[in-house]
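Welcome, and thanks for taking a look with me. Below are some points to follow with the structure open beside you.

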Amino acid sequence: MDSHVTDRGGFGGRAGNALLTVAAIGGAVCIVLVLIAFFFHITLIMFKTGSMSPTIPAGSLAIVKQIPASDIRVGDVVTVDRRPALPVTHRVTSVSPAAGDTRTITLRGDANPAEDPAPYVVSNVRIVLFSIPQLAYAVNAVSNPLALGAITIGAAGLVTWAFWPHGAPAPRPRRGARRRSTRCHAARTGGLAVIVLLTLSAPVVNAAAPANAAVTDEVIQGPVLTLTSVADKTLMAHLVPAVPVPWQIGVAAHPDNPGVVSISLTAQGGLAADPNGLRITVSMCEVRWVGGRCQSGGTVLLGPGPASTLIPGPLVLTSMPSGQQRWILIDAALPANQGSVPTGSATFNLTASGVGDELSTGGSVSSLASTGADLWPPLLAALGAVTTGLMLASSARLPGARQRRRARVTP
């Protein structure tokens, strides 16, 4: 006599089946959204301030799409990256041509009385397609580590419940009905796996770029000379096309006797040697640069242009009388509008020598190693959650399976 575990009945069974169905539908929707984001460069941004109110109030979640600068029009609401500061999303008030395919744009928040302090030179922006008020708060809540852990555990529990044997033995269902049931369980389980994967990968993707700058001062002191290196090493290690990253070095001398201090610069590494690699601008100020500006009026010493051409070897930038100071600003960026982004690194060394002393300091820049997040950890976590549930359910089915085999051979 054949026997089979009965399907679940009652309110609990119906509720569980409904949850599994919703999970499968949610998984399919997530797959579609990921494909749209990948192929059409569509992403999400969250509004923490009310500078675009009442059009886009604080706490809104917006859908944005990357577009080239040539497609920008007055009145568009766009997001512009401002490394090392956070991105800004405001309305375009003017557009004018710039070098190559870039554009110079001015922005203003709908709630702001004036335009942003300075225009932006951009090769591409992210245009806001539409926004949903208050939804950013829900996304933040789901991104909480406790919530992510609860979702993972809940998914494993739901899979376990889906395949756990319940009830007393019942007649074996018809072959076609059994195939439909198996396919239904497989689809629902796949939906759960996708939901766990995408939920766990969300914080990894959002953390690909640093949110805040971490500018540090490093002082190198000699008997007479003093060098002060000011840099954000995180940004310098994650160069992206058309976004300049600054590194400035202050040179000061306090000798017993007057003299002259010479300041020279060298560049080494693959990005510096590649004619299509690193582009730099080297400027000088008599006081420290603040926000990329020189209060005393700066002087451009080199560039803008390829580092391979501007610094083919050791190069004397300038000299200064002892008792004074100079601040050298190096803006480094990868070229824009290329088919492929150059990879590698470059190391700059600035040397000050004279009045009986010599000091050097170095700074390295690198292209971003990868443009996406490593999905292996969340993928393994998702598969682990589903596999755990299936293993638990399978272990519970073993006694029933033995009983059915014995029943088949019993006369």
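1. A cut-off first: a residue counts as buried when its relative accessible area is under 20%, as exposed when that value is over 50%, and as partly exposed in between. C294 has a relative accessibility of 15%, so C294 counts as buried. Please keep in mind throughout that this is a predicted model.

2. Which residue is the disulfide partner of C294? The partner is C285, and the two sulfur atoms lie 1.8 Å apart. C285 is buried as well, because its relative accessibility is 2%. The torsion about the S-S bond of this pair is about 75°, so the disulfide is right-handed. If you look for others, a search of the whole structure finds one disulfide.

3. Next, have a look at an open sheet of six strands, with antiparallel pairing. Going across, the order is β10-β11-β12-β17-β14-β15. Its edge strands are β10 (216–221) and β15, each of which pairs on one side only. On average, neighbouring strands of this sheet are turned by 15° against each other, with direction ignored.

4. For one of the positions to check, take I249, whose bridge partner in β17 is I328.

5. Stay with β12, which covers residues 245–253, and find A253 in this strand. Is A253 buried or exposed? A253 counts as buried, because its relative accessibility is 0%. Leaving aside residues up to four places away in sequence, A253 touches V224, L225, V261, M320, S322, G323 and Q324. A253 and G354 are 101 residues apart in sequence, while their C-alpha atoms are 9.0 Å apart in space.

6. Now to V355, in the loop between β18 (345–354) and β19 (357–366). The phi angle of V355 is near 50°, a positive value in a residue other than glycine. With a relative accessibility of 24%, V355 counts as partly exposed.

7. Q134 also deserves a visit. Its phi is near 70°, which is again a positive value in a residue other than glycine. Where is Q134 found? Q134 sits in the loop between β8 (124–132) and α2 (135–142). The relative accessible area of Q134 is 47%, so this residue is partly exposed.

8. The bond from S53 to P54 is cis, with omega near 0°. P54 belongs to the loop between β2 (42–46) and β3 (61–68). The bond from G303 to P304 is also cis, with omega near 5°.

Methods
Residues are numbered from 1 along each chain as its sequence is written. This is a predicted model: local features need pLDDT of at least 70, side-chain atom pairs count only at pLDDT 80 or more; totals for chains, interfaces and linings use all residues. Side-chain values use heavy atoms; hydrogens and water are left out. Helices (H or I, at least four residues) and strands (E, at least two) are DSSP runs, numbered from the N terminus. Buried means under 20% relative accessible area, exposed over 50%, partly exposed in between (1.4 Å probe, protein chains only). A disulfide is a pair of cysteine sulfur atoms within 2.5 Å. Contact means heavy atoms within 4.5 Å. Two strands pair if DSSP finds at least two bridges between them. Axes are lines fitted to C-alpha atoms, for helices over the stretch in contact, and angles run from 0 to 180 degrees between N-to-C directions.
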